[in-house]
Amino acid sequence: MSESAIALYSERGGARGEPWLARVVVIGLTMLFLTVFVVLPLVIVFAQALTHGVGAYLAALAEPEALAAIKLTLAVAAISVGLNLVFGLIAAWAVAKFEFPGKTLLITLIDLPFSVSPVISGLVFVLLFGAQGYFGAWLQSHNIQILFAVPGIALATTFVTFPFVSRALIPLMQEQGTLEEEAALSLGASGLQTFFRVTLPNIKWGVLYGVLLCNARAMGEFGAVSVVSGHIRGETNTMPLLVEILYNEYQFVPAFAVASLLALLALITLIAKTILERHLDEGRQVRDN
Amino acid sequence: MTIELTNITKNFGAFAALDGVDLKIADGELLALLGPSGSGKTTLLRIIAGLDWPDGGDVSFDGENALKRGAGERQVGFVFQHYALFRHMTVFENVAFGLRVKPRAIRKDEASIRARVKELLDLVQLDWLADRYPGQLSGGQRQRIALARALATEPRILLLDEPFGALDAKVRKELRRWLRSLHEEINVTSVFVTHDQEEALEVANRVVVMDKGKIEQVGTPGEVYDYPATAFVHGFIGESVVLPVNVAEGRVWIGDQPLNITAPNVGGPSKLYVRRHDMQVGSESIGLRGAVRHVRSFGAIQRADIAVCAGGNETLIEIDTPRDHALRTGETVELHPRRFRIFAD
């Protein structure tokens with residue numbers, strides 16, 4: 001296209017022919033909405049955290065309660081991401097590579113944690129493991145503490161974040177089919193060799209993508225964890241719970257300091273997600289050639 | 001390596017993919033399984049490979065039961081229709097895969113593996129692509145790499161599922177010739193699946209024609225072309241002219257017109273099958289005639305649509321005749337099949 005043609009083209013607002021005013025209004029509204037509802041809150045979190053300077057910010061994070069919450073959050077995320085990585089891989093494998101009755105039901109069940117309110121998810125565990133719950137008496141007699149302790153928080157978080165890994169993998173694995181696995185088997189590879197040398201390398205970006213989203217949600221989970229945690233200071237408070245407690249006690253700088261860490265996590269997740277999505281697309285394009 | 005299949009059955013739900021298939025494959029043969037889609041040919045190939053299991057029947061290699069062995073233990077090389085190359089590995093690593101996954105005790109050392117891969121890439125004439133990824137290759141190149149990968153472990157049987165199905169016509173022709181000469185060179189018992197009759201007749205020593213889960217005919221390309229055993233084979237292989245006839249006491253009738261040909265062993269409503277180039281137009285009369293509807297000439301032949309009256313209905317047939325005998329639209333001509341087969345309905 002010559003330069004004058006490009007100019008003509010853009011003057012008319014492209015092939016769809018909408019006037020430039022409509023474009024400006026639509027794009028402007030979108031930007032305004034994004035700024036007010038997404039960018040502004042993010043900026044405020046960091047601004048509030050830093051109102052009394054970097055020194056106060058760092059001191060707030062160095063408080064024993066804050067450190068304990070950070071540690072607990074990291075530990076819980078590690079446990080639930082680990083469990084969901086294994087479960088997600090197995091579930092995705094089952095759905096994508098085998099045909100069996102009840103498959104549709106299974107796929108629906110995998111999505112259940114997304115459609116249930118996190119508070120309900122937490123309550124389920126109270127009903128199961130609480131003192132009046134189904135396993136409460138048995139647990140008490142064996143001196144096993146699940147509720148108001150790390151196991152309960154990890155369980156609730158695992159439940160809430162269950163779909164991420166399998167949801168990232170099922171479409172990918174279904175698209176890839178079973179041909180490469182069959183080729184590997186007929187070349188004499190064992191089941192494990194086939195998995196580690198053929199299946200896993202093909203889905204590694206999908207696995208990372210699922211783990212990333214799973215981790216972000218695990219660290220940020222509030223509702224389900226709030227129900228099962230018991231809010232014991234320095235022991236069963238995760239970062240989101242601590243933020244709420246601090247805020248309710250009018251300790252704004254510490255509250256926003258901890259919140260800023262979660263916001264930072266969100267930003268890093270966003271960047272990593274963009275990079276991973278590019279890799280996933282590339283993989284898809286190579287296949288299509 | 002001989003392969004013997006006995007009474008193989010396989011159902012997918014209510015659909016019978018294979019229905020009592022018996023087949024013996026001789027050592028060093030290059031055999032084609034030919035049939036339309038849904039005829040069960042790919043299922044049969046996958047059962048030989050151990051990628052599918054029959055519901056009933058036996059598979060034996062050199063007289064030994066193969067069904068108790070998994071796909072990896074049968075020493076079978078399988079080439080998939082869509083290549084199934086490992087997309088995250090280089091061409092070199094794809095070919096080396098079968099050698100690398102062997103148990104440590106019988107695995108070759110790295111130098112021997114490299115030498116073997118090099119040898120195979122030379123064999124398929126693609127050694128210059130060793131460091132590329134499958135996504136960077138053309139279809140024909142991928143297919144040859146898939147073949148090299150399958151041959152790496154020195155399989156006793158080579159199985160190919162529609163090996164040229166996804167390639168364009170020119171590459172397909174080249175690869176056909178190449179596969180034949182490769183087979184002459186390495187002489188491993190080979191079975192390939194195809195729906196393309198030309199491919200089967202041109203490449204294979206022996207052709208197995210399948211339809212609806214059953215074997216219709218087994219024979220050399222010449223046999224299945226010239227002496228089709230069933231109406232299906234006659235219709236599926238080569239160009240056929242088909243006319244509805246009726247046979248009573250060995251006499252053949254088309255509508256109420258008797259034909260001066262005989263059909264022993266057949267009775268009742270039947271079909272007369274004639275190769276398109278075997279239908280002659282001329283003075284010799286067997287009582288079969290039709291009206292020329294349309295004539296087109298190209299090359300050395302002219303092709304004519306001729307309407308034959310069979311009972312109350314007209315059947316339009318297409319025949320090829322030499323160009324020196326010009327046909328005129330509208331004229332009535334005598335038709336005389338040089339060779340024909342009659343199959344009861």
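Predicted model: local features only at pLDDT ≥ 70, side-chain atom pairs only at ≥ 80, totals over all residues.

Modeller: The following conversation sets values from this structure against the definitions of the terms.

Biologist: Why is Asn260(B) called exposed?

Modeller: The relative accessible area of Asn260(B) is 56%. Exposed means over 50%, buried means under 20%, and partly exposed lies in between, with a 1.4 Å probe and protein chains only. Asn260(B) is therefore exposed. This residue lies in strand E13 (residues 257-262) of chain B, and its C-alpha atom is separated by 4.6 Å from that of Ile286(B), 26 residues apart along the chain. For chain B as a whole, 51% of the 345 residues count as buried.

Biologist: What makes helix H13 of chain A largely enclosed?

Modeller: Seven of the ten residues of H13(A) (residues 239-248) are buried, so the rest of the structure largely encloses this helix. Among the buried residues are Met239(A), Leu242(A) and Ile245(A). Tyr250(A), which follows H13(A), has a positive phi, near 60°.

Biologist: How does the length of helix H9 of chain A compare with the expected span?

Modeller: H9(A) (residues 163-176) has 14 residues and reaches 20 Å from its first C-alpha to its last, close to the expected 20 Å. The expected span is 1.5 Å times one less than the number of residues.

Biologist: Where does H9(A) bend?

Modeller: H9(A) bends by about 25° at Ile170(A), and Pro171(A) follows within four residues. The bend is the angle between axes fitted to the seven residues ending at a residue and the seven starting there. H9(A) is also mostly covered, with ten of its 14 residues buried, including Phe164(A), Leu169(A) and Ile170(A). The residue that follows H9(A) is Gly177(A), with a positive phi near 70°.

Biologist: Why is H4(A) called oblique to H11(A)?

Modeller: The axes of H4(A) (residues 64-97) and H11(A) (residues 191-220) come within 9 Å and cross at roughly 140°. That angle makes H4(A) oblique to H11(A). Angles under 35 degrees count as roughly parallel, over 145 as roughly antiparallel, 65 to 115 as roughly perpendicular and the rest as oblique. The axes are lines fitted to C-alpha atoms, for helices over the stretch in contact, and angles run from 0 to 180 degrees between N-to-C directions.

Biologist: Why is H4(B) called roughly parallel to H5(B)?

Modeller: The axes of H4(B) (residues 139-151) and H5(B) (residues 169-186) come within 11 Å and cross at roughly 20°. H4(B) is therefore roughly parallel to H5(B). The crossing of H4(B) and H5(B) is right-handed. A crossing is right-handed if the near helix is turned clockwise from the far one by less than a right angle, and left-handed if anticlockwise.

Biologist: What makes E13 and E20 of chain B edge strands?

Modeller: Five strands form an open, antiparallel sheet in the order E13-E12-E11-E14-E20 (chain B). E13 and E20 each pair on one side only. Neighbouring strands of this sheet are turned by 40° against each other on average, direction ignored. Two strands pair if DSSP finds at least two bridges between them.

Biologist: How many bridges join E14(B) to E20(B)?

Modeller: Four bridges join E14(B) to E20(B), and the two strands run antiparallel. In E20(B), Ile342(B) is the bridge partner of Leu272(B). E14(B) also pairs with E11(B) over eight bridges in the antiparallel sense, and Asn246(B) stands opposite Pro269(B) in E14(B).

Terms used. Residues numbered from 1 in each chain as written. Chains lettered and ligands numbered in written order. Heavy atoms only, no water.
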